[in-house]
Amino acid sequence: MKTRSVDSRIYVTGATGWMGRTFLHELQSLIPANEFNKKVIAFGSKTNIITSTNYHKNDKIEIKIKPLTDIGKYAGSEKMVLFHSAFLTRD
């Protein structure tokens, strides 16, 4: 996945579920900690905060989870990539 484009954001739905958390974990391999929350907007069933899992312990960040019902407030005219994993389960 290309993440170098400054003018696009990555939207992740289902960010607190198994697939969403795994996707966020993998994104941390591609996006520096100091840019992550500017580049990625995470959505879940409710407001939450999770801690990064793939950065060095000194670079851990908090990832704010916004309620999925608010996605329309964030998705605008900017370029975006959507990883939609809301309501998916492991099986």
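This short talk describes the fold, the core and one surface patch of a protein chain.

Good morning. Please keep in mind that the structure shown is a predicted model.

I shall begin with the overall fold. The protein chain contains 3 helices and 5 strands. Read from the N terminus, these elements follow the order β-α-α-β-β-β-α-β. Of the contacts in the chain between residues at least 6 apart in sequence, 60% join residues at least 24 apart. The chain has 91 residues, and 34% of them are buried.

Let us now turn to the interior. In soluble globular proteins, nonpolar side chains tend to be buried together. In this model, the largest nonpolar core comprises 16 residues, and Val12, Leu24, Leu27, Phe36 and Val40 have the most contacts inside it. Two or more residues come from each of strand S1 (8-13), helix H1 (18-27), helix H2 (33-39), strand S2 (40-44) and strand S4 (62-67). Helix H1 gives the most, namely 3 residues.

Which residues does Phe36 touch, leaving aside those up to four places away in sequence? They are Leu24, Leu27, Gln28, Ile31, Tyr55, Ile61 and Ile63.

The accessible surface of the protein chain is about 6,100 Å², and carbon and sulfur atoms account for 52% of it. Trp18, Met19 and Leu88 make a nonpolar surface patch of about 290 Å². Trp18 lies in helix H1. Why is Trp18 called partly exposed? Its relative accessible area is 46%, and the term covers values between 20% and 50%.

Thank you for your attention.

Conventions: Residues numbered from 1 in each chain as written. Predicted model: local features only at pLDDT ≥ 70, side-chain atom pairs only at ≥ 80, totals over all residues. Heavy atoms only, no water. Helix = DSSP H or I, 4+ residues; strand = E, 2+ residues; numbered from the N terminus. Buried < 20%, exposed > 50% of the residue type's maximum accessible area, 1.4 Å probe, protein only. Contact = heavy atoms within 4.5 Å. Areas by Shrake-Rupley, 256 points an atom, 1.4 Å probe, with all protein chains shown as cover. Core = buried A, V, L, I, M, F, W, Y, C linked by side-chain atoms within 4.5 Å. Patch = residues over 30% accessible without salt bridge, like charges linked within 9 Å, V, L, I, M, F, W, Y side chains within 5 Å. Salt bridge = Lys/Arg side-chain N within 4 Å of Asp/Glu carboxyl O.
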